Amino acid sequence: MCFHSRSYENEVEKGSAFTLGLLAIKLTAINNSSCCSESQRETALLLGQLAATDSDCKVHIVQRGAVPPLIEMLQSPDAQLMEMSAFALGRLAQDPHNQAGIAHSGGITPLLKLLESKNGSLQHNAAFALYGLADNEDNVADLIRVGGVQKLQDGEFIFQPTRDCVAKTLKRVEEKINGRVLSHLSYLMRMGERNVQRRVALALAHLCSPDDHQTIFVDNNGLALLLQILESTDAKHQRDSSMALCRLANKASSLSSIDAAPPSPIPQERDAKDREIPNIRWDVFELMMRYIYTGSVDVNLEIAQDLLRAADQYLLEGLKRLCEYAIAQDISVENVSLMFELSEAFSASNLRDACILYILDKYSKLCVMPWYSQMVHRILPETRS
């Protein structure tokens, strides 16, 4: 037998505590019975509408036990029922009094699962609910522990408002990673199950403050975890680690021409005799001498590799760095392995770092290359540095 919610509409408009109690009780009853999904949808929708209009209603709804059946409905095969339940939970989750309770009742995991739906409205309702839950710092560690950050980052969201909501959720989580939240996450990264350690390390690489990098990734072994994930045979784990390491490395260092060249050496006067300079073309030699006398030179890509070789031969570190910067602008999927070999041949540390960043950043394009696995093992020590 189906129950219908229309008889409550007048009372719903008033938002009385009595009506809220009836709706919550009814929701629990019909959820535990074999009645039709229509009644469940109507009741969930009415609760959501009430929660959207009155802050006091949100608290009363939760106090009367509506949250557990709403969470259970998130796992229904009925898409409309899931959407209405997510809608109601999304409105309830905007009230600070309800956020911890929804998470404690097991709401985070099924809401994250709904982000994978191909239904745009369902995605958005779930994302809005998660945005509310992320406002409570007690929920942040739970969200990260179950892989929520990865799901928010990797999701393919249909509507732009959903993408905006997800971005705001990640920003909200980022702002709460400090103090006791960070201490708890650091503990999970050291002592949690393997999957939990991996999820926490990946999330912190993207969201923690640069001021906390030393504590998280050196003192608490987070960097070792990320490097272990990079060596995994699981393609998704490798991709996630590459992205995380690239984010960390970009925060830690950057290659720019502004700081590339220290002062040039002061030329020493010598007796004027013709000297033969072996293995250096005249145009390369001319640029090298210009750098020595002026301390600056424009390095174009056509001559950069030959000039790098000459700068290394004559120990002109500032000129080397200018050449490295020019070469790094040309790194591509096709030539990154050759550029890395070039950096190794001439001890060009800045170019080497640029190659490593590129390899990490372009994982999805490079992982199919036959040399990729071997290259990953070669860059591990430098990535750690």
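These exercises work through a predicted model of a protein.

**Exercise 1. How many helices and strands does the protein have?**

Solution. Start with the helices: there are 24.

**Exercise 2. What share of the residues is buried, and what share of the accessible surface belongs to carbon and sulfur atoms?**

Solution. The protein has 385 residues. Buried ones make up 48% of them. Next, take the surface. Its accessible area comes to about 19400 Å². Carbon and sulfur atoms hold 50% of that area.

**Exercise 3. Among contacts between residues at least 6 apart in sequence, what percentage joins residues at least 24 apart?**

Solution. Take the contacts between residues at least 6 apart in sequence. Of these, 67% join residues at least 24 apart.

**Exercise 4. Classify the aromatic pairs: stacked, tilted or edge-to-face?**

Solution. The count is two aromatic pairs. Trp282 and Phe285 have ring centres 5.6 Å apart, with 40 degrees between the planes. Stacked needs under 30 degrees and edge-to-face over 60, so this pair is tilted. Both residues lie in helix 18, residues 282-294. They are three residues apart, about one turn of the helix.

Now take Tyr363 and Tyr372.

**Exercise 5. Is Trp282 buried or exposed, and what about Tyr363 and Tyr372?**

Solution. Trp282 has a relative accessible area of 60%. Exposed means over 50%, so Trp282 is exposed. Tyr363 and Tyr372 are both buried.

**Exercise 6. Which residue lies over the face of Tyr131?**

Solution. The residue is Arg172, at 3.8 Å from the ring centre.

Technical notes:
Residues numbered from 1 in each chain as written. Predicted model: local features only at pLDDT ≥ 70, side-chain atom pairs only at ≥ 80, totals over all residues. Heavy atoms only, no water. Helix = DSSP H or I, 4+ residues; strand = E, 2+ residues; numbered from the N terminus. Buried < 20%, exposed > 50% of the residue type's maximum accessible area, 1.4 Å probe, protein only. Contact = heavy atoms within 4.5 Å. Areas by Shrake-Rupley, 256 points an atom, 1.4 Å probe, with all protein chains shown as cover. Phe/Tyr/Trp six-rings, centres within 6.5 Å; stacked < 30°, edge-to-face > 60°. Lys NZ or Arg CZ within 6 Å of the ring centre and 35° of its normal.
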